[in-house]
Amino acid sequence: MGKTEKALLEVMKNGDTICPDKEQLDSYVSALNEFNALINQGYTKSRGYNLQTVEERGFAMAFNVGVL
């Protein structure tokens, strides 16, 4: 077992002592649920993997175009 794995298991074992404030934890869950509702309604999008192709962005990029 590696050093990182041991540290991770220790954190998981002490999970209740790391965040004993149940109200704070519930507020994070509530905020996440509200954010997911906004995503489902189309008001925002997740900031995950957002790389897009040129076709998805809706415009063509021009390189080395000289303006006279």
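Modeller: The model is predicted, and pLDDT is the predictor's confidence in each residue, on a scale from 0 to 100. In the protein chain, helix α3 has the highest confidence, at a mean of 90, whereas helix α2 (residues 15-18) has the lowest, at a mean of 63.

Colleague: And what is the mean pLDDT of the protein chain?

Modeller: The mean for the protein chain is 78. Of its residues, 65% reach 70 or more.

Colleague: How many helices and strands are there in the protein chain?

Modeller: The protein chain has four helices and zero strands. Along the sequence, the pattern reads α-α-α-α.

Colleague: Back to α3, then. What span does helix α3 reach from its first C-alpha to its last?

Modeller: Helix α3 covers residues 22-41, which is 20 residues, and reaches 29 Å from its first C-alpha to its last. That is close to the 28 Å expected at 1.5 Å a residue.

Colleague: Which residue follows α3?

Modeller: G42 follows α3, and the phi of G42 is positive, near 90°.

Colleague: Staying in that helix, is Y28 buried or exposed?

Modeller: Y28, which lies in helix α3, counts as exposed because its relative accessibility is 52%, and the cut-off for exposed is over 50%.

Colleague: With which side chain does the side chain of Y28 make a polar contact?

Modeller: The partner is the side chain of Q24, at 3.0 Å. As a general point, an α-helix has 3.6 residues a turn, so residues three or four places apart point the same way.

Colleague: New topic: the surface. Which residues make the nonpolar surface patch of about 460 Å²?

Modeller: That patch is made by M1, L8, L9 and M12. One of them, L9, is placed in helix α1 (residues 3-13).

Colleague: Why does L9 count as partly exposed?

Modeller: The relative accessible area of L9 is 41%. L9 is therefore partly exposed, since that class lies between the 20% and 50% limits.

Colleague: What share of the residues of the protein chain counts as buried?

Modeller: Of the 68 residues of the protein chain, 0% count as buried. The accessible surface of the chain comes to about 6,800 Å², and carbon and sulfur atoms account for 58% of that surface.

Note on methods. Residues numbered from 1 in each chain as written. Predicted model: local features only at pLDDT ≥ 70, side-chain atom pairs only at ≥ 80, totals over all residues. Heavy atoms only, no water. Helix = DSSP H or I, 4+ residues; strand = E, 2+ residues; numbered from the N terminus. Buried < 20%, exposed > 50% of the residue type's maximum accessible area, 1.4 Å probe, protein only. Areas by Shrake-Rupley, 256 points an atom, 1.4 Å probe, with all protein chains shown as cover. Expected span 1.5 Å × (residues − 1). Patch = residues over 30% accessible without salt bridge, like charges linked within 9 Å, V, L, I, M, F, W, Y side chains within 5 Å. Salt bridge = Lys/Arg side-chain N within 4 Å of Asp/Glu carboxyl O. Polar contact = N/O pair within 3.5 Å; in protein donor to acceptor, adjacent residues only side chain to side chain.
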